[in-house]
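New notebook page. I'm writing down what I look up as I go.

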Amino acid sequence: MLLKLIRRPSPSRAMVWLSPLIALALTLLSGVILFAFMGVDPAGALYAFFVEPLTSRYGWGELAVKATPLVLIAVALSIGFRAGVWNIGAEGQLILGAICGGGIALLFHDIEGFWILPLMILCGIAGGMAWAAIPAFLRTRFNANEILVSLMLTYVAGLFLSYLVHGPWRDTDGFNFPESRVFNASATLPTILSGTRLHLGAVMALAVVVAGWVLIARTLIGFQVKVIGEAPAAGRYAGFSVRRVIWFSLLLGGGAAGLAGLIEVAGPIGQLQPSISPGYGFTAIIVAFVGRLHPLGVLFAGLLMALSYLGGESAQITLNLPLAVTGVFQGMLLFFLLACDVLIHYRIRPASASAVKPS
Amino acid sequence: MSASPEPATAPLLELRGMTRSFPGVLANDQVDLSIAPGEIHALLGENGAGKSTLVKMIYGILKPDAGEILWKGEVTEIPSPAFARDLGIAMVFQHFSLFDSLTVFENIILGMDAGEDSARLRRDIAEISARYGLPLDPDRHVYTLSVGERQRIEIIRCLLLKPALLVMDEPTSVLTPQEVDQLFETLRQLADEGMSILYISHKLAEIKALCSHATILRGGRVVDSVAVDQETPATLAAKMMGAALAAEPEPGERVPGETRLALENLTLDAADEFGIPLRNISLQVRGGEILGIAGVAGNGQDELLKAISGETRATPGAVRIDGNDCGHLGPNDRRMLGLATIPEERLGHGAVPGIDLTGNGLLTAFRRLKLATRGFIHWGASGRFADSVVERFRVKASGNRAPADSLSGGNLQKFIVGREICQDPELLVVSQPTWGVDAGAARTIHDALRALAARGTAVLVISQDLDELMRISHRIAAICAGSVSATYRVGDVSAEQIGLLMAGTAELDGVEAVHAA
């Protein structure tokens, strides 16, 4: 039987905010079924996945450590998504940020100085922006689709990092492991809570949440982003430049992703490795949508997604479940969220048997 | 209903108690209607009165919630347009479904059942087009045809089916006055031969000229069913709108002012393959006058408005506001020179659908009224500005937080017009100011434009509604295929003469063109 989607005249505004919670409930329900099929006690598995990681102070610290890059990137991406600029390549921009910021750490490895960390941060941001500038240029100059360009550049960035740590930047005293030298103290983000790995980056992420909120709610550029995303013709009529908004969105997303990458290598990791992110740049896309493209929502969604990373590790350790469970949970959450969103805006009707000729 | 005389013959089509609701609206409420063979029956009503819903039920596109359709005296259910066509109901839509890149003949045969004999079809087309005064070359490509010619294809398509009932949905909104006369002759001939015609319109003069009976809808209900020759346009209008509107004032005397807007040889290539290039447009608008530009849709109106507003840039010297060359300036720099513009499309161009009235007020006023400074928005002042527009133009909205798409078309148009007028422009350019709005809102908008001109503002009105332009303008010109004709004093030219200009005549013989008021 064919189904037809019919647009609802006035989608419920309350449901727009309830849909992430419904999606979460459906994800948990599906998780129970999934665990049952795998022969694992569902209650125990859910406990290991969602509760156990938060039973210690260290666990809470880890939650913030994982949430930091997600929130940082997702706040910036959500502003671009509001404008209809689909930057899918934050993962690559994150890697470039790590390379550029980390490069500074390696360059000044033998020097101590208070200025090294700020310089790394600036270079990290610049690196992410430069990587995002490529799709921005191609989109505004040749109308090339930024989804494809930014996504493909992610793999280029990953291979570039791999080349660096296998080749020129490999630690000569590192027993031939593909890793750079470990950054010195001046090039490392200070920990802010003893007994955890919680670092200064978490504070930066909170600042970005506030800044994102101000940008959306109070500034003209935030308003422009919204107008261009909703009605480009009205934006041009108002005198807003679509081109400028595309550049702004991509550079903002790229800069935030670059900062996140730098924070990862200067914080929890402390050096450059072939893999520096478990896909934060991609997960941040889910975070942005689960958070309803609003900075405050993104903060909560980021914490939830961070928990799914911790839960996956915890389930692996205590229940011997594969780490892929994390990806499954993240995927289900996005799937159910999108499904809920469709049902908020449309109702489903069986399509009538006789084809109606469009007028 | 009241003074409806019984038709002599049994009705061809009879509707009883037709009811159809949509979420939140009762579009048709117990509608009765009856059409005799050979009758030209008007379905009269304002936008949103429920005319389209009713004909969609007749043509099998919508299913009625209640009510019955009697075809030749028998209760009939019409489940699909194909079924309606088999019964003998044909419909000419307001929007044509034609392939531009195919020829007339190819378009017609595509709509036929497979296995149609193409030689015979050709003969039939030639015969119909000769017999009913619908001249059409079957081998022309559709994209080379005028809108009036395209409509002929649709009519011939319908006539090939030899229908008993022809439904025409607002057929004249895209035609010049000459083309309207031609169409009416065809329709009268068809009616004389026994075909019934259901003619949907809100133009009273046309209904007086063409139809014998009229069913008048208001708010989804039949308010009256009348013999047209017993009515005057004023009584029809009163029934259609529910309350008689006072006559609009004459344009009146004006204080000739300085030239505010001067276009000089404005020439612009089309932005894309669907656009219209502008060719050598020269005109001036002075303070205190209203210049009307008539034209059939799709002749470059949108392109002209965008070239003036700054959404597209022009060559140096082509656009001057108060003598300042501003071809290279963007919309906001031009607004600072005193310009305000109102595009034709309300949702998506003049206003952002999902953004509230405060934001939509800010949209064009942020710079001129300093609602945003140093990159930050003053929401308090913006809200007060939106409130003042809502109050001054009596916009029906739940407040300044109401999203633009929650307003009715007329109220949103009042808000957009009000937003521009409340910025005290010295030059206002407006396209289709009253398209699709109810008579009350149209009146409010016309009065506002007159008041603005009386205060010394130069006003340029681009419209497809010739009656509107004749009522409010001091001078008038027409746009056709991207060129603008000479301009004339409104009192010096007739509707037919403007029809010639709309069809592409650059200048009229024997009438003095005036370049300024």
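I start with a definition: buried means under 20% relative accessible area, exposed means over 50%, and partly exposed is in between (1.4 Å probe, protein chains only). With that, I looked up Phe81(A), and it is buried at a relative accessible area of 4%.

Ground rules next. This is a predicted model, where local features need pLDDT of at least 70 and side-chain atom pairs count only at pLDDT 80 or more, while totals for chains, interfaces and linings use all residues. Residues are numbered from 1 along each chain as its sequence is written, chains are lettered from A and ligands numbered from 1 in the order in which they are written, and side-chain values use heavy atoms, with hydrogens and water left out.

**Entry: rings**

Phe81(A) and Phe289(A) are a stacked pair, 5.2 Å centre to centre with 15° between the planes. Phe81(A) belongs to helix α3 and Phe289(A) to helix α11 (residues 280-290) of chain A, so this pair ties together parts 208 residues apart in sequence. Helices here are DSSP runs (H or I, at least four residues), strands likewise (E, at least two), numbered from the N terminus.

Phe289(A) is partly exposed, at 23% relative accessible area. Trp86(A) also stacks with Phe289(A), at 6.3 Å centre to centre and 20° between the planes. Trp86(A) lies in the loop between α3 and α4 (90-107) of chain A, so its pairing with Phe289(A) in helix α11 ties together parts 203 residues apart in sequence. I noted Trp86(A) as partly exposed, at 32%.

I also found a cluster: ring pairs link Phe35(A), Phe49(A), Phe50(A) and Phe329(A).

**Entry: cores**

Which residues touch the most other members of the largest nonpolar core? Among its 77 residues they are Phe35(A), Ile73(A), Leu94(A), Met120(A), Phe183(A) and Leu272(A). A nonpolar core is a set of buried Ala, Val, Leu, Ile, Met, Phe, Trp, Tyr and Cys residues joined through side-chain atoms within 4.5 Å. Helix α3 (residues 57-82) of chain A gives this core its largest share, 10 residues.

Leaving out residues up to four places away in sequence, Phe35(A) touches Val40(A), Pro42(A), Ala45(A), Leu46(A), Leu321(A), Val325(A) and Phe329(A). Contact means heavy atoms within 4.5 Å.

A second, separate core has 75 residues, including Leu220(A), Ile228(A), Ile445(B) and Ala448(B).

**Entry: arginines**

I looked for charges over rings, which need NZ of Lys or CZ of Arg within 6 Å of the ring centre and within 35 degrees of the ring normal. Arg122(B) has its charged end over the ring of Phe105(B), 4.3 Å from the centre. Arg335(B) does this with Tyr237(A), its charged end 5.2 Å from the ring centre.

Arg197(A) sits in the loop between α6 (146-166) and α7 (201-218) of chain A. It is partly exposed, at 31% relative accessibility. Beyond four places in sequence, Arg197(A) contacts Tyr58(A), Glu62(A), Val65(A), Thr191(A) and Pro268(A).

**Entry: sheets in chain B**

I traced an open sheet of six strands, ordered β6-β7-β8-β3-β9-β10 with mixed pairing. Two strands pair if DSSP finds at least two bridges between them. β6 (89-92) and β10 (221-227) are the edge strands, each pairing on one side only. The twist averages 20° from one strand to the next; axes are lines fitted to C-alpha atoms, for helices over the stretch in contact, and angles run from 0 to 180 degrees between N-to-C directions.

Strands β7 (residues 165-169) and β8 (residues 196-201) run parallel, joined by five bridges. Leu166(B) stands opposite Ile197(B) in β8(B). Helix α5 (residues 147-160) packs on this sheet, touching β6 and β7, and its direction makes about 175° with that of β6(B).

I then found an open sheet of four strands, ordered β12-β11-β14-β15, with antiparallel pairing. Its edges are β12 (278-286) and β15 (324-325). Three bridges join β11 (residues 259-268) to β14 (residues 319-321), and the bridge partner of Ala262(B) in β14(B) is Arg320(B).

Technical notes: Phe/Tyr/Trp six-rings, centres within 6.5 Å; stacked < 30°, edge-to-face > 60°.
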